[in-house]
Amino acid sequence: MFTNIKTQYHGAKSSMILLTLNFSFFLLGTSTQALAQFRPPTTIRTPGGNVTLPGLYTPPLYSFNSEPISSRYKFYIVLKNDSTVVAKTKIKLRTATAPSEISWREKGKKYTVTPDQTKEIYRIDYWNKKIKGIPQDSCWLFLVDTVSHEKRIRRYSMTADINQPAISHFKMEKAKEILPLKKETLEPYVEGNEKAKKLLSKNKLLKAIEELNLQN
């Protein structure tokens, strides 16, 4: 009898641990304010074959030649005529040869729009916060640095996944233009900062931006 009680106790304890772990993973998966940026290993298709990306703890730099990846959300799509369409869908991201687009179905008919046909798209997160995408350069851009507004350089993602952004663009403080995050577009801004210049020479663009944001 004591053996059965001991077995039941350990079984209940194991179930409680498993339940706690599952709940913890759920919180990590649903949080849009995660302190550590994380993306699990992902296999994507490219013209040269399948490529497996390692797990990341920092925002990845979006490659315009990679297979588009985006999460599905309930998007509010504001068209140029001020009408708004609500659809649970995902963004088909811009590639080197085609703009981003978003599609939805209504009464059995499929509709597709590109950034130039919209004023904005947005979703509402778990904290009732508006995550807005502005049409820019054949894609929608979502501001990543929504907390640290004091940053000199703002970073933008081509996805609405703010806790796991795909950084693709940047904007200098007080500048009006948002630029694609590429070595040649960032190069003029690292002059005078040797550490940032060295990071850029190694193609570490996001690290170079971090260094530039540290300078006074």
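Leucine 79 touches Val85, Val113, Gln117, Thr118 and Lys119, leaving out residues up to four places away in sequence; a contact here means heavy atoms within 4.5 Å. This is a predicted model, so local features need pLDDT of at least 70 and side-chain atom pairs count only at pLDDT 80 or more, while totals for chains, interfaces and linings use all residues. Residues are numbered from 1 along each chain as its sequence is written, and side-chain values use heavy atoms, with hydrogens and water left out.

Back to leucine 79, which sits in strand S3. Helices (H or I, at least four residues) and strands (E, at least two) are DSSP runs, numbered from the N terminus. With a relative accessibility of 16%, leucine 79 counts as buried, because buried means under 20% relative accessible area, exposed means over 50%, and partly exposed is in between (1.4 Å probe, protein chains only). Leucine 79 and lysine 119 are 40 residues apart in sequence, yet their C-alpha atoms are 5.7 Å apart in space.

Now for the whole protein. Its secondary structure comes to four helices and 12 strands. Of its 216 residues, 36% are buried. The protein exposes about 13,900 Å², and carbon and sulfur atoms supply 55% of that; the areas come from the Shrake-Rupley method with a 1.4 Å probe, and for residues only the protein chains shown count as cover. Among contacts between residues at least 6 apart in sequence, 38% join residues at least 24 apart.

What about the inside? The largest nonpolar core has 22 residues, and those with the most contacts inside it are Phe75, Ile77, Ile91, Ile102, Ile121 and Phe142. Such a core is a set of buried Ala, Val, Leu, Ile, Met, Phe, Trp, Tyr and Cys residues joined through side-chain atoms within 4.5 Å. At least two residues of this core come from each of strands S3 (72-79), S4 (84-92), S5 (101-106) and S9 (139-143). Apart from it lies another core, this one of 17 residues, with Ile167, Leu179, Leu199 and Ile209 among them. As for isoleucine 77, its contacts are Ser83, Thr84, Val85, Ile102, Trp104, Val113, Thr118, Glu120 and Ile121, not counting residues up to four places away in sequence.

Threonine 89 belongs to strand S4 and is buried, with a relative accessible area of 8%. Its side chain reaches the backbone oxygen of serine 103 at 2.7 Å. That kind of polar contact is a pair of N or O atoms within 3.5 Å; within protein, one must be able to donate a hydrogen and the other to accept it, and residues adjacent in sequence count only if both atoms are side-chain atoms. Not counting residues up to four places away in sequence, threonine 89 touches Ser71, Arg72, Tyr73, Phe75, Ile102 and Ser103. Tyrosine 111, in strand S6 (residues 109-113), is partly exposed at 31% relative accessible area. With residues up to four places away in sequence set aside, tyrosine 111 touches Ile102, Ser103, Trp104 and Glu106.

Serine 157 is part of strand S10 (residues 153-157) and counts as buried, at 0% relative accessibility. A polar atom of the serine 157 side chain lies 3.0 Å from the backbone nitrogen of threonine 159. Leaving aside neighbours within four places in sequence, serine 157 is in contact with Trp140, Leu141, Phe142, Val144, Pro165, Ala166, Ile167 and Ser168.

Then there is the helix pair. The axes of helix H3 (residues 194-201) and helix H4 (residues 205-214) come within 8 Å and cross at roughly 170°. Axes are lines fitted to C-alpha atoms, for helices over the stretch in contact, and angles run from 0 to 180 degrees between N-to-C directions. H3 and H4 are therefore roughly antiparallel to each other; angles under 35 degrees count as roughly parallel, over 145 as roughly antiparallel, 65 to 115 as roughly perpendicular and the rest as oblique. On the H3 side, Lys195, Ala196, Leu199 and Leu200 meet Leu205, Lys207, Ala208, Glu211 and Leu212 of H4. H4 is mostly covered, with seven of its 10 residues buried. The buried residues of H4 pack against S10, strand S11 (167-172), helix H2 (183-186) and H3.

Finally, two loops. Asparagine 203, in the loop between H3 and H4, has a positive phi of about 65° although it is not a glycine. Aspartate 82 lies in the loop between S3 and S4, and its phi is near 75°, a positive value in a residue other than glycine.
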